[in-house]
Amino acid sequence: MKLCWRRPAAVLVATTTILSVPALTRAEPLSTTAVAELLERSTIPDLQRAMDARRLTSWDLTRALQARIARVDPSLHAVIRTNPDALRAAEASDARRRSGGVRGPLDGIPVLLKDNMDTADGMRTTAGSTALEGARPARDAHVVAALRSAGAVVLGKTNLSVWSNFRSSEAIAGWSPVGGRTRNPYALDRSACGSSSGAAAAVAAGLAVVAIGTDTDGSVLCPASMTSTVGIRPTVGVVSRAGIVPITAQQDTPGPIARSVIDAAITLRAVAGPDAADRATASSAQVPIPTDLRADGLRGKRIGLWRTGRVGLDPAVDRAFEDAVRRLRAAGAVVVDDADVPAIDEVVAKDLVPALMTEFKHDIAAYLAATPGTHPRDLAGLIAFGREHARVELPLFGQDLFEAAQASDGDLSAPAYRAHRAAATAAARRAIDEVVGRLRLDAVVTPTAEAAPRVDRQGPPAQPFTSSTRQSSTAGYPQVTVPAGYDPDGLPLGLSFLGGRGSDAELVRYAAALEQVEKVRRAPVVAVG
(Lines give C-alpha, C1' and ligand atoms only; values in the text may rest on other atoms or scores of the structure.)
Protein backbone atom coordinates (compact mmCIF):
# COMPACT_ATOMS: atom_id res chain seq x y z
CA MET A 1 0.00 0.00 0.00
CA LYS A 2 1.57 3.29 -1.05
CA LEU A 3 1.50 5.88 1.72
CA CYS A 4 1.89 9.62 1.29
CA TRP A 5 2.56 11.59 4.44
CA ARG A 6 2.78 15.29 5.08
CA ARG A 7 3.11 16.60 8.61
CA PRO A 8 -0.22 18.30 9.42
CA ALA A 9 0.24 22.06 9.23
CA ALA A 10 -2.50 22.83 11.72
CA VAL A 11 -3.17 19.87 13.93
CA LEU A 12 -5.54 21.17 16.58
CA VAL A 13 -5.60 18.52 19.22
CA ALA A 14 -4.46 19.65 22.63
CA THR A 15 -0.85 18.59 22.57
CA THR A 16 1.48 18.89 25.50
CA THR A 17 5.02 18.95 24.18
CA ILE A 18 7.09 16.20 25.70
CA LEU A 19 10.41 18.00 25.58
CA SER A 20 10.58 17.23 29.28
CA VAL A 21 10.86 13.53 28.51
CA PRO A 22 14.51 12.66 29.23
CA ALA A 23 16.78 11.08 26.69
CA LEU A 24 16.01 7.42 27.17
CA THR A 25 18.34 4.47 26.98
CA ARG A 26 17.69 0.76 27.28
CA ALA A 27 19.35 0.95 30.69
CA GLU A 28 16.78 3.57 31.76
CA PRO A 29 13.44 2.22 30.59
CA LEU A 30 10.11 3.96 30.93
CA SER A 31 8.25 2.59 33.92
CA THR A 32 4.79 1.10 33.44
CA THR A 33 3.26 4.13 35.18
CA ALA A 34 5.37 6.64 33.27
CA VAL A 35 4.38 5.22 29.90
CA ALA A 36 0.68 5.52 30.79
CA GLU A 37 1.20 9.13 31.88
CA LEU A 38 3.14 9.81 28.68
CA LEU A 39 0.32 8.47 26.51
CA GLU A 40 -2.31 10.45 28.43
CA ARG A 41 -0.61 13.75 27.65
CA SER A 42 0.73 12.93 24.18
CA THR A 43 -0.81 12.45 20.76
CA ILE A 44 0.82 10.56 17.90
CA PRO A 45 2.31 13.82 16.54
CA ASP A 46 3.81 14.47 19.99
CA LEU A 47 5.35 11.00 20.07
CA GLN A 48 6.74 11.48 16.57
CA ARG A 49 8.37 14.76 17.58
CA ALA A 50 9.91 13.10 20.64
CA MET A 51 11.30 10.26 18.51
CA ASP A 52 12.61 12.72 15.90
CA ALA A 53 14.40 14.58 18.72
CA ARG A 54 15.89 11.29 19.99
CA ARG A 55 14.15 11.75 23.33
CA LEU A 56 12.15 8.58 22.80
CA THR A 57 12.56 5.46 20.70
CA SER A 58 10.00 3.05 19.42
CA TRP A 59 11.93 0.27 21.17
CA ASP A 60 11.63 2.04 24.55
CA LEU A 61 7.94 2.74 24.02
CA THR A 62 7.20 -0.81 22.89
CA ARG A 63 9.13 -2.42 25.73
CA ALA A 64 7.41 -0.18 28.30
CA LEU A 65 4.00 -1.09 26.92
CA GLN A 66 4.84 -4.79 27.00
CA ALA A 67 5.76 -4.41 30.66
CA ARG A 68 2.58 -2.45 31.33
CA ILE A 69 0.45 -5.13 29.70
CA ALA A 70 2.11 -7.76 31.89
CA ARG A 71 1.43 -5.69 35.00
CA VAL A 72 -2.04 -4.24 34.37
CA ASP A 73 -3.80 -6.60 31.98
CA PRO A 74 -4.30 -9.51 34.41
CA SER A 75 -7.02 -7.41 36.04
CA LEU A 76 -8.56 -6.30 32.72
CA HIS A 77 -8.34 -9.29 30.34
CA ALA A 78 -8.11 -6.80 27.48
CA VAL A 79 -5.09 -8.26 25.64
CA ILE A 80 -5.53 -11.82 24.43
CA ARG A 81 -1.94 -12.34 23.21
CA THR A 82 1.20 -10.31 22.57
CA ASN A 83 3.38 -10.27 19.48
CA PRO A 84 6.78 -11.96 19.92
CA ASP A 85 8.09 -9.89 16.98
CA ALA A 86 7.09 -6.49 18.39
CA LEU A 87 10.52 -5.42 19.63
CA ARG A 88 12.14 -6.40 16.32
CA ALA A 89 9.60 -4.25 14.49
CA ALA A 90 10.33 -1.37 16.87
CA GLU A 91 14.08 -1.73 16.28
CA ALA A 92 13.48 -1.64 12.53
CA SER A 93 11.47 1.57 12.93
CA ASP A 94 14.24 3.17 14.98
CA ALA A 95 16.76 2.21 12.29
CA ARG A 96 14.58 3.84 9.61
CA ARG A 97 14.38 7.01 11.69
CA ARG A 98 18.17 7.15 12.14
CA SER A 99 18.63 6.84 8.38
CA GLY A 100 15.94 9.41 7.53
CA GLY A 101 13.51 6.84 6.14
CA VAL A 102 10.46 7.33 8.38
CA ARG A 103 7.40 6.04 6.55
CA GLY A 104 4.79 8.31 8.07
CA PRO A 105 3.00 9.30 11.27
CA LEU A 106 2.44 5.71 12.41
CA ASP A 107 6.06 4.64 12.06
CA GLY A 108 7.17 3.20 15.40
CA ILE A 109 3.74 3.57 17.01
CA PRO A 110 2.56 0.46 18.95
CA VAL A 111 -0.90 -0.69 17.86
CA LEU A 112 -3.19 -3.45 19.15
CA LEU A 113 -5.52 -5.49 16.90
CA LYS A 114 -8.87 -7.05 17.70
CA ASP A 115 -8.46 -10.83 17.60
CA ASN A 116 -10.56 -11.27 14.48
CA MET A 117 -7.87 -9.90 12.14
CA ASP A 118 -5.61 -12.39 10.37
CA THR A 119 -1.88 -12.20 11.00
CA ALA A 120 0.52 -14.51 9.20
CA ASP A 121 2.98 -14.59 12.08
CA GLY A 122 3.40 -16.19 15.49
CA MET A 123 0.04 -14.93 16.74
CA ARG A 124 -3.13 -16.96 16.27
CA THR A 125 -6.41 -15.46 15.02
CA THR A 126 -9.31 -17.00 16.93
CA ALA A 127 -12.23 -14.51 17.15
CA GLY A 128 -12.11 -15.52 20.82
CA SER A 129 -13.08 -19.14 20.14
CA THR A 130 -11.03 -22.29 20.64
CA ALA A 131 -12.58 -23.52 17.38
CA LEU A 132 -10.01 -21.43 15.48
CA GLU A 133 -6.93 -22.28 17.53
CA GLY A 134 -5.80 -24.56 14.70
CA ALA A 135 -6.32 -21.92 11.99
CA ARG A 136 -3.19 -20.65 10.27
CA PRO A 137 -3.96 -17.65 8.02
CA ALA A 138 -1.67 -17.54 5.01
CA ARG A 139 -1.42 -13.75 4.92
CA ASP A 140 -2.10 -10.66 6.99
CA ALA A 141 -5.52 -9.06 6.81
CA HIS A 142 -5.37 -6.03 4.52
CA VAL A 143 -5.70 -3.65 7.47
CA VAL A 144 -2.77 -5.36 9.23
CA ALA A 145 -0.62 -5.22 6.10
CA ALA A 146 -1.41 -1.50 5.79
CA LEU A 147 -0.35 -0.89 9.39
CA ARG A 148 2.92 -2.77 8.92
CA SER A 149 3.56 -0.89 5.66
CA ALA A 150 3.04 2.37 7.55
CA GLY A 151 5.69 1.29 10.05
CA ALA A 152 3.36 0.65 12.96
CA VAL A 153 4.44 -1.87 15.58
CA VAL A 154 1.83 -4.60 16.02
CA LEU A 155 1.90 -5.05 19.77
CA GLY A 156 -0.63 -7.89 20.08
CA LYS A 157 -4.30 -8.80 19.87
CA THR A 158 -7.22 -7.83 22.05
CA ASN A 159 -10.06 -9.77 23.60
CA LEU A 160 -13.58 -9.47 22.21
CA SER A 161 -17.09 -10.75 22.58
CA VAL A 162 -16.72 -14.24 21.13
CA TRP A 163 -17.42 -14.31 17.39
CA SER A 164 -17.85 -10.52 17.57
CA ASN A 165 -21.04 -10.94 19.58
CA PHE A 166 -22.84 -12.96 16.92
CA ARG A 167 -23.10 -16.34 18.59
CA SER A 168 -25.92 -15.77 21.07
CA SER A 169 -28.63 -13.22 21.80
CA GLU A 170 -27.78 -13.72 25.50
CA ALA A 171 -24.04 -13.10 25.12
CA ILE A 172 -22.03 -11.36 27.83
CA ALA A 173 -20.24 -8.42 26.21
CA GLY A 174 -16.48 -8.81 26.26
CA TRP A 175 -16.38 -12.50 27.16
CA SER A 176 -14.66 -15.14 25.06
CA PRO A 177 -13.50 -18.70 25.77
CA VAL A 178 -9.93 -17.75 24.81
CA GLY A 179 -9.63 -14.41 26.59
CA GLY A 180 -12.06 -14.55 29.49
CA ARG A 181 -14.10 -11.50 30.52
CA THR A 182 -12.85 -8.02 29.67
CA ARG A 183 -13.37 -5.47 32.44
CA ASN A 184 -13.73 -1.72 32.25
CA PRO A 185 -10.64 0.15 33.50
CA TYR A 186 -12.90 2.81 35.05
CA ALA A 187 -14.54 0.21 37.32
CA LEU A 188 -13.51 -3.43 37.27
CA ASP A 189 -17.03 -4.62 38.07
CA ARG A 190 -18.31 -2.91 34.92
CA SER A 191 -18.44 -3.96 31.29
CA ALA A 192 -16.41 -2.46 28.47
CA CYS A 193 -19.32 -3.24 26.10
CA GLY A 194 -18.59 -5.19 22.94
CA SER A 195 -17.58 -6.59 20.74
CA SER A 196 -14.34 -4.56 20.52
CA SER A 197 -14.20 -4.49 24.32
CA GLY A 198 -10.54 -5.41 24.69
CA ALA A 199 -9.43 -2.83 22.12
CA ALA A 200 -11.23 0.01 23.92
CA ALA A 201 -10.26 -1.09 27.44
CA ALA A 202 -6.61 -1.46 26.41
CA VAL A 203 -6.41 2.02 24.90
CA ALA A 204 -8.23 3.58 27.87
CA ALA A 205 -5.83 1.89 30.31
CA GLY A 206 -2.70 2.95 28.42
CA LEU A 207 -1.72 -0.47 27.08
CA ALA A 208 -1.23 0.84 23.52
CA VAL A 209 -1.26 4.11 21.64
CA VAL A 210 -4.19 3.06 19.45
CA ALA A 211 -6.15 -0.08 18.59
CA ILE A 212 -8.16 -1.34 15.64
CA GLY A 213 -11.59 -2.80 16.32
CA THR A 214 -14.40 -3.85 14.03
CA ASP A 215 -17.99 -2.66 13.95
CA THR A 216 -21.10 -4.33 12.56
CA ASP A 217 -23.60 -2.56 14.81
CA GLY A 218 -21.93 -0.55 17.57
CA SER A 219 -18.96 -2.84 18.21
CA VAL A 220 -16.45 0.05 18.04
CA LEU A 221 -18.77 2.84 19.14
CA CYS A 222 -20.25 1.31 22.30
CA PRO A 223 -16.90 0.17 23.79
CA ALA A 224 -15.34 3.56 23.01
CA SER A 225 -18.24 5.35 24.68
CA MET A 226 -18.00 3.23 27.82
CA THR A 227 -14.23 3.70 28.15
CA SER A 228 -13.94 7.45 27.43
CA THR A 229 -12.13 6.92 24.15
CA VAL A 230 -12.68 8.04 20.56
CA GLY A 231 -14.12 5.47 18.17
CA ILE A 232 -14.66 5.84 14.42
CA ARG A 233 -16.95 3.61 12.40
CA PRO A 234 -16.12 4.62 8.80
CA THR A 235 -18.44 4.32 5.84
CA VAL A 236 -18.49 0.67 4.74
CA GLY A 237 -15.82 0.30 2.06
CA VAL A 238 -13.41 2.96 3.33
CA VAL A 239 -11.30 0.20 4.93
CA SER A 240 -10.94 -3.30 3.52
CA ARG A 241 -12.45 -6.26 5.40
CA ALA A 242 -10.27 -8.84 3.63
CA GLY A 243 -8.75 -11.24 6.16
CA ILE A 244 -11.15 -10.34 8.96
CA VAL A 245 -13.45 -12.95 10.52
CA PRO A 246 -16.82 -11.75 9.19
CA ILE A 247 -20.39 -11.29 10.27
CA THR A 248 -21.65 -9.61 7.10
CA ALA A 249 -19.94 -7.82 4.23
CA GLN A 250 -22.93 -5.48 4.09
CA GLN A 251 -22.13 -3.87 7.46
CA ASP A 252 -18.72 -4.99 8.78
CA THR A 253 -15.97 -2.40 8.92
CA PRO A 254 -12.71 -1.98 10.82
CA GLY A 255 -12.34 1.24 12.80
CA PRO A 256 -9.78 2.86 15.12
CA ILE A 257 -10.07 3.45 18.86
CA ALA A 258 -7.83 6.11 20.42
CA ARG A 259 -7.60 8.67 23.21
CA SER A 260 -7.88 11.63 20.81
CA VAL A 261 -9.53 12.37 17.50
CA ILE A 262 -6.21 13.16 15.81
CA ASP A 263 -4.79 9.75 16.77
CA ALA A 264 -7.91 7.99 15.50
CA ALA A 265 -7.83 10.01 12.26
CA ILE A 266 -4.13 9.33 11.62
CA THR A 267 -4.70 5.61 12.14
CA LEU A 268 -7.79 5.50 9.94
CA ARG A 269 -6.01 7.38 7.18
CA ALA A 270 -3.17 4.85 7.22
CA VAL A 271 -5.45 1.83 6.76
CA ALA A 272 -8.05 3.34 4.39
CA GLY A 273 -7.90 2.74 0.67
CA PRO A 274 -8.78 0.38 -2.16
CA ASP A 275 -8.16 -3.36 -1.99
CA ALA A 276 -8.80 -5.69 -4.90
CA ALA A 277 -9.89 -8.38 -2.43
CA ASP A 278 -12.78 -6.22 -1.17
CA ARG A 279 -14.93 -4.78 -3.93
CA ALA A 280 -16.65 -2.37 -1.55
CA THR A 281 -13.39 -0.37 -1.31
CA ALA A 282 -13.37 0.59 -4.99
CA SER A 283 -14.61 4.11 -4.20
CA SER A 284 -12.71 4.54 -0.93
CA ALA A 285 -10.39 7.16 -2.44
CA GLN A 286 -13.44 9.43 -2.67
CA VAL A 287 -13.62 9.50 1.15
CA PRO A 288 -10.36 11.17 2.25
CA ILE A 289 -9.59 11.12 5.98
CA PRO A 290 -8.34 14.51 7.21
CA THR A 291 -5.55 15.03 9.71
CA ASP A 292 -5.46 18.84 9.43
CA LEU A 293 -7.96 19.16 12.25
CA ARG A 294 -8.83 22.70 13.32
CA ALA A 295 -10.63 24.27 16.29
CA ASP A 296 -13.00 26.15 13.94
CA GLY A 297 -14.25 22.97 12.27
CA LEU A 298 -17.76 23.42 13.74
CA ARG A 299 -18.14 27.13 13.04
CA GLY A 300 -21.38 27.78 11.15
CA LYS A 301 -22.18 24.06 10.84
CA ARG A 302 -25.78 23.01 11.38
CA ILE A 303 -25.78 20.23 13.96
CA GLY A 304 -29.06 18.49 14.73
CA LEU A 305 -29.96 17.13 18.17
CA TRP A 306 -31.41 13.62 18.35
CA ARG A 307 -33.18 13.40 21.69
CA THR A 308 -36.18 11.07 21.35
CA GLY A 309 -35.43 7.65 22.78
CA ARG A 310 -32.01 8.87 23.91
CA VAL A 311 -32.57 11.80 26.31
CA GLY A 312 -34.93 11.91 29.30
CA LEU A 313 -34.16 8.38 30.47
CA ASP A 314 -31.06 8.88 32.60
CA PRO A 315 -30.14 12.14 34.39
CA ALA A 316 -26.39 11.57 33.94
CA VAL A 317 -26.76 11.03 30.19
CA ASP A 318 -28.96 14.13 30.00
CA ARG A 319 -26.40 16.27 31.81
CA ALA A 320 -23.53 15.05 29.62
CA PHE A 321 -25.58 15.65 26.48
CA GLU A 322 -26.61 19.17 27.46
CA ASP A 323 -23.02 19.97 28.37
CA ALA A 324 -21.94 18.73 24.93
CA VAL A 325 -24.60 20.96 23.34
CA ARG A 326 -23.13 23.91 25.27
CA ARG A 327 -19.70 23.08 23.88
CA LEU A 328 -21.09 22.77 20.35
CA ARG A 329 -22.47 26.29 20.64
CA ALA A 330 -19.18 27.53 22.08
CA ALA A 331 -17.41 26.06 19.05
CA GLY A 332 -19.66 28.10 16.75
CA ALA A 333 -22.12 25.41 15.67
CA VAL A 334 -25.71 26.25 14.80
CA VAL A 335 -27.65 23.83 17.00
CA VAL A 336 -30.91 22.56 15.50
CA ASP A 337 -33.41 20.80 17.74
CA ASP A 338 -36.00 18.15 16.79
CA ALA A 339 -33.54 16.23 14.62
CA ASP A 340 -34.60 12.80 15.82
CA VAL A 341 -33.55 9.93 13.57
CA PRO A 342 -36.62 7.70 13.12
CA ALA A 343 -36.51 4.21 14.60
CA ILE A 344 -36.39 1.25 12.22
CA ASP A 345 -37.51 -1.43 14.68
CA GLU A 346 -40.14 -2.86 12.35
CA VAL A 347 -37.77 -3.34 9.43
CA VAL A 348 -35.13 -4.78 11.77
CA ALA A 349 -37.43 -7.61 12.78
CA LYS A 350 -38.98 -8.13 9.36
CA ASP A 351 -35.98 -7.69 7.05
CA LEU A 352 -32.65 -7.03 8.76
CA VAL A 353 -32.55 -10.11 10.98
CA PRO A 354 -33.32 -12.57 8.13
CA ALA A 355 -30.76 -10.80 5.94
CA LEU A 356 -28.06 -11.01 8.62
CA MET A 357 -28.65 -14.72 9.15
CA THR A 358 -28.23 -15.44 5.45
CA GLU A 359 -25.17 -13.22 5.17
CA PHE A 360 -23.42 -14.69 8.18
CA LYS A 361 -23.91 -18.27 7.04
CA HIS A 362 -22.50 -17.40 3.62
CA ASP A 363 -19.64 -15.15 4.74
CA ILE A 364 -18.34 -17.23 7.64
CA ALA A 365 -18.28 -20.35 5.46
CA ALA A 366 -16.27 -18.48 2.82
CA TYR A 367 -13.79 -17.28 5.45
CA LEU A 368 -13.38 -20.71 7.06
CA ALA A 369 -12.97 -22.46 3.72
CA ALA A 370 -10.28 -19.99 2.60
CA THR A 371 -8.26 -20.16 5.83
CA PRO A 372 -5.60 -22.88 6.07
CA GLY A 373 -5.32 -25.01 9.18
CA THR A 374 -7.30 -27.51 11.21
CA HIS A 375 -10.63 -26.00 12.18
CA PRO A 376 -14.32 -26.33 11.24
CA ARG A 377 -14.92 -25.51 7.60
CA ASP A 378 -18.46 -24.12 7.81
CA LEU A 379 -21.12 -22.91 10.23
CA ALA A 380 -22.47 -26.42 10.83
CA GLY A 381 -18.97 -27.43 11.88
CA LEU A 382 -18.75 -24.49 14.31
CA ILE A 383 -22.06 -25.46 15.90
CA ALA A 384 -20.92 -29.06 16.27
CA PHE A 385 -17.62 -27.89 17.75
CA GLY A 386 -19.48 -25.79 20.30
CA ARG A 387 -21.60 -28.73 21.40
CA GLU A 388 -18.60 -31.05 21.60
CA HIS A 389 -16.60 -28.52 23.64
CA ALA A 390 -19.49 -27.03 25.57
CA ARG A 391 -17.62 -26.82 28.89
CA VAL A 392 -15.17 -24.38 27.33
CA GLU A 393 -17.22 -22.77 24.57
CA LEU A 394 -20.73 -22.65 26.08
CA PRO A 395 -20.42 -22.31 29.87
CA LEU A 396 -22.32 -19.00 30.10
CA PHE A 397 -24.66 -18.86 27.09
CA GLY A 398 -25.55 -20.86 24.03
CA GLN A 399 -25.34 -20.40 20.28
CA ASP A 400 -28.87 -19.55 19.21
CA LEU A 401 -27.72 -17.01 16.59
CA PHE A 402 -25.44 -19.60 15.02
CA GLU A 403 -28.35 -22.02 14.89
CA ALA A 404 -30.73 -19.44 13.42
CA ALA A 405 -28.18 -18.58 10.74
CA GLN A 406 -27.64 -22.25 9.97
CA ALA A 407 -31.39 -22.60 9.38
CA SER A 408 -31.16 -20.04 6.57
CA ASP A 409 -30.13 -21.13 3.09
CA GLY A 410 -27.07 -18.84 3.02
CA ASP A 411 -27.88 -17.97 -0.60
CA LEU A 412 -27.04 -14.35 -1.40
CA SER A 413 -28.56 -14.67 -4.86
CA ALA A 414 -32.01 -15.66 -3.60
CA PRO A 415 -34.73 -13.08 -4.39
CA ALA A 416 -36.13 -13.28 -0.87
CA TYR A 417 -32.76 -12.49 0.66
CA ARG A 418 -32.14 -9.61 -1.76
CA ALA A 419 -35.52 -8.12 -0.92
CA HIS A 420 -34.83 -8.29 2.82
CA ARG A 421 -31.44 -6.63 2.52
CA ALA A 422 -32.66 -3.94 0.13
CA ALA A 423 -35.57 -3.07 2.42
CA ALA A 424 -33.40 -2.90 5.54
CA THR A 425 -30.67 -0.81 3.95
CA ALA A 426 -33.14 1.56 2.29
CA ALA A 427 -35.05 2.14 5.51
CA ALA A 428 -31.89 2.86 7.47
CA ARG A 429 -30.54 5.26 4.87
CA ARG A 430 -33.89 7.00 4.58
CA ALA A 431 -34.03 7.47 8.37
CA ILE A 432 -30.77 9.44 8.36
CA ASP A 433 -30.94 11.09 4.93
CA GLU A 434 -34.44 12.43 5.49
CA VAL A 435 -33.70 14.29 8.71
CA VAL A 436 -30.36 15.59 7.40
CA GLY A 437 -31.98 16.83 4.19
CA ARG A 438 -35.16 18.26 5.73
CA LEU A 439 -33.29 20.33 8.32
CA ARG A 440 -30.27 21.08 6.06
CA LEU A 441 -27.94 19.53 8.61
CA ASP A 442 -24.23 18.95 8.42
CA ALA A 443 -24.47 16.22 11.08
CA VAL A 444 -26.63 14.83 13.88
CA VAL A 445 -25.45 14.35 17.47
CA THR A 446 -26.87 12.06 20.15
CA PRO A 447 -25.68 10.20 23.26
CA THR A 448 -23.77 7.11 22.15
CA ALA A 449 -24.73 4.73 24.97
CA GLU A 450 -25.66 4.49 28.62
CA ALA A 451 -23.02 4.15 31.32
CA ALA A 452 -21.29 0.78 31.57
CA PRO A 453 -23.49 -1.96 33.09
CA ARG A 454 -22.28 -4.72 35.39
CA VAL A 455 -19.64 -6.89 33.81
CA ASP A 456 -21.86 -9.98 33.86
CA ARG A 457 -24.92 -8.44 32.22
CA GLN A 458 -26.46 -10.69 29.58
CA GLY A 459 -28.77 -9.91 26.72
CA PRO A 460 -29.97 -6.45 25.65
CA PRO A 461 -29.31 -3.25 27.63
CA ALA A 462 -31.19 -2.84 30.88
CA GLN A 463 -31.84 0.84 30.11
CA PRO A 464 -34.63 1.61 27.63
CA PHE A 465 -32.38 3.56 25.25
CA THR A 466 -33.04 3.16 21.55
CA SER A 467 -29.92 2.22 19.62
CA SER A 468 -27.74 5.09 18.42
CA THR A 469 -25.94 2.81 15.96
CA ARG A 470 -28.61 0.64 14.32
CA GLN A 471 -29.54 3.11 11.60
CA SER A 472 -25.98 4.09 10.65
CA SER A 473 -24.66 0.53 10.73
CA THR A 474 -27.52 -0.88 8.67
CA ALA A 475 -27.08 1.96 6.20
CA GLY A 476 -23.32 1.46 6.02
CA TYR A 477 -22.89 5.09 7.09
CA PRO A 478 -20.15 6.57 9.31
CA GLN A 479 -20.39 7.49 12.99
CA VAL A 480 -17.84 8.96 15.42
CA THR A 481 -18.05 8.88 19.22
CA VAL A 482 -16.08 11.14 21.55
CA PRO A 483 -15.98 11.40 25.35
CA ALA A 484 -18.88 13.52 26.63
CA GLY A 485 -18.61 13.24 30.41
CA TYR A 486 -19.09 10.91 33.36
CA ASP A 487 -21.93 9.76 35.56
CA PRO A 488 -21.85 10.26 39.37
CA ASP A 489 -19.93 6.96 39.74
CA GLY A 490 -17.21 8.14 37.36
CA LEU A 491 -18.37 5.93 34.48
CA PRO A 492 -17.75 7.39 31.00
CA LEU A 493 -20.44 8.64 28.64
CA GLY A 494 -20.00 9.36 24.92
CA LEU A 495 -21.45 11.63 22.26
CA SER A 496 -21.94 10.49 18.66
CA PHE A 497 -21.75 12.41 15.39
CA LEU A 498 -23.76 10.81 12.56
CA GLY A 499 -23.98 11.72 8.90
CA GLY A 500 -24.72 10.43 5.44
CA ARG A 501 -22.68 8.09 3.27
CA GLY A 502 -19.13 9.33 2.77
CA SER A 503 -19.36 12.09 5.38
CA ASP A 504 -16.43 10.61 7.31
CA ALA A 505 -14.14 13.60 6.83
CA GLU A 506 -16.74 16.07 8.06
CA LEU A 507 -17.63 14.00 11.12
CA VAL A 508 -13.95 13.68 12.06
CA ARG A 509 -13.50 17.45 11.74
CA TYR A 510 -16.56 18.18 13.89
CA ALA A 511 -15.49 15.70 16.56
CA ALA A 512 -12.00 17.21 16.68
CA ALA A 513 -13.38 20.75 16.98
CA LEU A 514 -15.65 19.72 19.86
CA GLU A 515 -12.72 18.04 21.56
CA GLN A 516 -10.89 21.40 21.60
CA VAL A 517 -13.51 23.40 23.48
CA GLU A 518 -12.46 21.90 26.80
CA LYS A 519 -10.78 18.71 27.96
CA VAL A 520 -13.39 16.09 28.88
CA ARG A 521 -11.49 12.82 28.97
CA ARG A 522 -9.74 11.85 32.18
CA ALA A 523 -7.64 8.76 32.74
CA PRO A 524 -9.11 5.80 34.63
CA VAL A 525 -7.97 5.52 38.23
CA VAL A 526 -8.62 1.80 38.75
CA ALA A 527 -6.13 0.39 36.28
CA VAL A 528 -3.59 3.13 35.71
CA GLY A 529 -0.87 0.94 37.20
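Predicted model: local features only at pLDDT ≥ 70, side-chain atom pairs only at ≥ 80, totals over all residues.
Visitor: What makes the protein chain as compact as a globular protein of its length?

Guide: The protein chain comprises 17 helices and 13 strands. Its radius of gyration is 21 Å, close to the 24 Å that the globule rule gives for 529 residues, so the chain is as compact as a globular protein of that length. Along the principal axes, the C-alpha atoms fill a box of roughly 65 × 55 × 45 Å.

Visitor: What percentage of the residues count as buried, and on what cut-off?

Guide: Buried means under 20% relative accessible area. Of the 529 residues, 61% count as buried. The accessible surface of the protein chain comes to about 18,900 Å², and 53% of that surface belongs to carbon and sulfur atoms.

Visitor: Why are β1 and β10 called edge strands?

Guide: The open sheet has eleven strands, in the order β1-β3-β2-β6-β8-β7-β12-β13-β11-β9-β10, and its pairing is mixed. Strands β1 (79-82) and β10 (334-336) each pair on one side only, and are its edge strands. On average, neighbouring strands of this sheet are turned by 30 degrees against each other, direction ignored.

Conventions:
Residues numbered from 1 in each chain as written. Heavy atoms only, no water. Pairing = 2+ DSSP bridges. Helix = DSSP H or I, 4+ residues; strand = E, 2+ residues; numbered from the N terminus. Axes fitted to C-alpha atoms, helices over the stretch in contact; angles between N-to-C directions. Rg over C-alpha atoms; globule rule 2.2 N^0.38 Å. Buried < 20%, exposed > 50% of the residue type's maximum accessible area, 1.4 Å probe, protein only. Areas by Shrake-Rupley, 256 points an atom, 1.4 Å probe, with all protein chains shown as cover.
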